[in-house]
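Good morning. I will take a few minutes to walk through one structure, and please keep it on your screens while I talk.

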Amino acid sequence: MEKAKNINVNRKRHSGVMKNTMFLVILLLTAAGYLFFFTSAQTIPGGNSVTATKMNQPLTFDDQRTVTLTRWDYSPEQSVMEIEIEIDNQSFDGLDNYVFTALSKNLGQSELTVIPIISDKDFYVIQLADVPSDWKSVSLRIKVDDPSKTDILKCYANTESVQTVPELHAKTKNEYLRDRLLRKISEYQTEIETLKSGYDLNNQKISALEDKNRQLEDGKKYQTAEEIEETNREIQSNKNQLEALNTEQENNLTDQAEYEQRIIKTQEQDDDLI
């Protein structure tokens, strides 16, 4: 009789443990569901993980058009973004007007107000107003303003890809063009500095290899015939490296000269806009 009571108690305890376990599993699944719901915008396309469109990289659009983003600035104080766009219409169909729309996304999604600043056939500057402070990504959509055209190009920015600035003010077309030219000059100067650093580094390698070969040549007088053969192979290997490095140095100087010429020509363009 006592044994039967113990079995019954154990069954009740086991049943209670099973109920508690099931309740815990349901609670965890529910919590996971809420967590996914509230964070999904940050992990699926449209959240901060969205791949940003690269600056200065032409994108094919409507077969014979290319769109290039040259600047995407953001002023948190003004809740405004400003985007600079180049459009090259190789179809020459005379359809050079475009419609721009934009969406901001975080947990939700909202349409942004698009303000055209400059619209000049192949050069456009637009501003996006009332950007939410908690935005994670922005999608800019571009469409040819013609009923026969249905292709839509989507460009993306996330919080890491935009250039944060204190404030944004509308400018004239020439002012925007001059700013763009000055950015190009700065980029060319950066390239030249990078090339100069590489040139100096290669010079150090060349000096080290030449010193090594002189030491190897001096050491041959104390070597056997077999050792000399091995040393000659090492010297030849170093000479091959020296030849490759010298070719790199020639190309480096050519590239530096090219960027110097680009700076001169770009400066001339800038002077013509004054």
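This is a predicted model: local features need pLDDT of at least 70, side-chain atom pairs count only at pLDDT 80 or more; totals for chains, interfaces and linings use all residues.

In soluble globular proteins, nonpolar side chains tend to be buried together. Here the largest nonpolar core has 26 residues, and W72, M81, I85, L128, L140 and I142 are those with the most contacts inside it. Strands β2, β3, β4, β6, β7 and β8 each give two or more residues to this core. Apart from it there is another core, of six residues, including I185, L195, Y259 and I263.

Take L128 as an example. Leaving out residues up to four places away in sequence, L128 touches S79, V80, M81, I83, A102, L112, T113, V114 and V138.

Next, charges. Side chains of opposite charge can pair when their charged atoms come close. How many salt bridges does the structure hold? The count is 17.

One of them pairs E86 with R180, with the closest N and O atoms 2.0 Å apart. E86 is in strand β3 and R180 is in helix α2, so this pair ties together parts that are 94 residues apart in sequence. E86 is partly exposed, at 25% relative accessible area, whereas R180 counts as buried, at 16%.

Another salt bridge joins R178 and D270, at 2.7 Å between the closest N and O atoms. R178 sits in helix α2 and D270 in helix α3, 92 residues apart. Is D270 buried or exposed? D270 is buried, with a relative accessible area of 2%; R178 is partly exposed, at 28%.

Last, the two polar residues. Q249 is in helix α3 and counts as buried, at 5% relative accessibility. Its side chain has a polar contact of 3.2 Å with the side chain of N203. K220 lies in the loop between α2 and α3. K220 is buried because its relative accessible area, 18%, is under the 20% cut-off. The side chain of K220 makes a polar contact with that of E217, at 3.0 Å.

That is the end of my part.

Conventions: Residues are numbered from 1 along each chain as its sequence is written. Side-chain values use heavy atoms; hydrogens and water are left out. Helices (H or I, at least four residues) and strands (E, at least two) are DSSP runs, numbered from the N terminus. Buried means under 20% relative accessible area, exposed over 50%, partly exposed in between (1.4 Å probe, protein chains only). A polar contact is a pair of N or O atoms within 3.5 Å; within protein, one must be able to donate a hydrogen and the other to accept it, and residues adjacent in sequence count only if both atoms are side-chain atoms. A nonpolar core is a set of buried Ala, Val, Leu, Ile, Met, Phe, Trp, Tyr and Cys residues joined through side-chain atoms within 4.5 Å. Contact means heavy atoms within 4.5 Å. A salt bridge is a side-chain nitrogen of Lys or Arg within 4 Å of a carboxyl oxygen of Asp or Glu.
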